[in-house]
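Here is a short report on one structure. Keep the sequence and the model in view while reading.

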Amino acid sequence: MHRWLFDILICPHCPNDSPLRVEAGDWDGDRLENGTLACPACGEKWPIRDGIPRFVPEEKDYAGGFGFQWKRWRHTQIDRLNGTNLTEYRMLTDTGWNRDFIAGKLVFDGGAGAGRFSDVLATMGARVVALDMSIAIDACRDTTRVHGNSVQCVQASLYAIPLRSSAFDAVHCAGVIQHTPDPEKTMRAMPRLLKPHAPLGYNFYEMTLSRRLQIVRAALRLITPYIPQGVLLKLCLTMVIVLFPITRVISRIRFLRYGIRFLPICASHQPELCRNQQLEWTLLDTFDWYNPRYDQPQRHVRVAEILAEEGLEDIESGPGIARGRRPSGETTAA
Ligand SMILES: C[S@@+](CC[C@H](N)C(=O)[O-])C[C@H]1O[C@@H](n2cnc3c(N)ncnc32)[C@H](O)[C@@H]1O
């Protein structure tokens, strides 16, 4: 943990952004690797382990399966390591931000996973707080270590974010909202982090007709979130080995391509990826379909309403995305 992160950490439970103090552990210059944080107001304590302040007791981590997932595939979707700009393109398209805006900004990446977006943001010159509830945050720290102190990792829940209000130049959250137990509460948790005039970008699963028609996937999901991850991996591997070659052929046939989404694997055939990468992404995305405990697609029109209720303006939304901006010089509803 670098001192700049410590300066914006607060108690996640006390009102009025109550600052924390370091109760145990020695700063090595501006860094603290291991120690204990405490809230002088309520007395609660949290460990700092391997440079990451940890606000989630293990037994409260419903997202533990993501730890398995992002440790296994921690390099797969990192642009810097896979030779593509798929993550950069997706983030810039979803948020409407550009490189000039991002450079020099302090950005919050909620539910960072293995850090694909945090890594891209840091590559573009941002300082990033990457927050995740699961031990995926350790994969994120390993991924983003190359950026020195620019990316700081926090293990915490979006339902109790231990970060100061109005501290961030931008808030980003992709692929997370549908995987939380109360998506509306998740969406309402982040606007308070924005500085006046700062933008927010959400990406989420959209509730579509084709998603409703994914009957085999829905049936399998009745059990898959509850089986051990090693067993689930074998199941996904079997389905992918059998079906991936078929989807690869179908993906080249114009009128049949649409049908791929009704198969029980999440086939990935981006032309930027070689065959082996497509296979690996397909296995990862298929595991990501079946592993999460919660899977609750949203309607973007409703997401836009929620952002408006939270006091944001300049709201835009479309299938799977929503953006907004905190008004200049005003406080949000949170
Ligand atoms: C599908 S992954 C997306 C990761 C990353 N944003 C990406 O797109 O690659 C969802 C992530 O959300 C995290 N997550 C789920 N619920 C959370 C919560 N309440 N607070 C923080 N993180 C959460 C999981 O641990 C997981 O790493």
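## Helices on the sheet

Helix H13 (residues 300–309) lies across E9, E10 and E11. H13 runs at about 165 degrees to E10. Helix H4 (residues 86–95) lies across E8, strand E9 (199–203) and strand E11 (321–325). The angle of H4 to E9 is about 115 degrees.

Some terms apply throughout. Helices (H or I, at least four residues) and strands (E, at least two) are DSSP runs, numbered from the N terminus. Contact means that C-beta atoms, placed from the backbone, lie within 7 Å. Axes are lines fitted to C-alpha atoms, for helices over the stretch in contact, and angles run from 0 to 180 degrees between N-to-C directions. This is a predicted model: local features need pLDDT of at least 70, side-chain atom pairs count only at pLDDT 80 or more, and totals for chains, interfaces and linings use all residues. Residues are numbered from 1 along each chain as its sequence is written.

## The sheet

Seven strands make an open, mixed sheet, in the order E7-E6-E5-E8-E9-E11-E10. Pairing requires at least two DSSP bridges between two strands. Strand E7 (151–155) and strand E10 (313–318) are the edges; each has a single partner strand, so one side of each lacks a neighbour in the sheet. From one strand to the next, the twist averages 15 degrees.

Strands E5 (residues 106–110) and E8 (residues 170–174) run parallel, joined by four bridges. Asp 109 has His 172 in E8 as its bridge partner.

## Helix H12

Helix H12 (residues 275–290) has 16 residues. At 1.5 Å times one less than the number of residues, H12 should span 22 Å; its end C-alpha atoms are 23 Å apart, which agrees.

Buried residues of H12 include Trp 281, Leu 284 and Phe 287. Buried means 20 or more other C-beta atoms within 10 Å of a residue's own, exposed 12 or fewer, and partly exposed in between, with C-beta atoms placed from the backbone. The cover over the buried residues of H12 includes H2, helix H10 (215–221) and helix H11 (229–250).

## Positive phi

Most residues other than glycine have a negative phi. Asn 16 has a positive phi near 65 degrees. Asn 16 counts as exposed, with 9 C-beta neighbours inside 10 Å. His 197 has a positive phi of about 75 degrees. His 197 is partly exposed, with 14 other C-beta atoms within 10 Å.

How values were computed: Contact = placed C-beta atoms within 7 Å.
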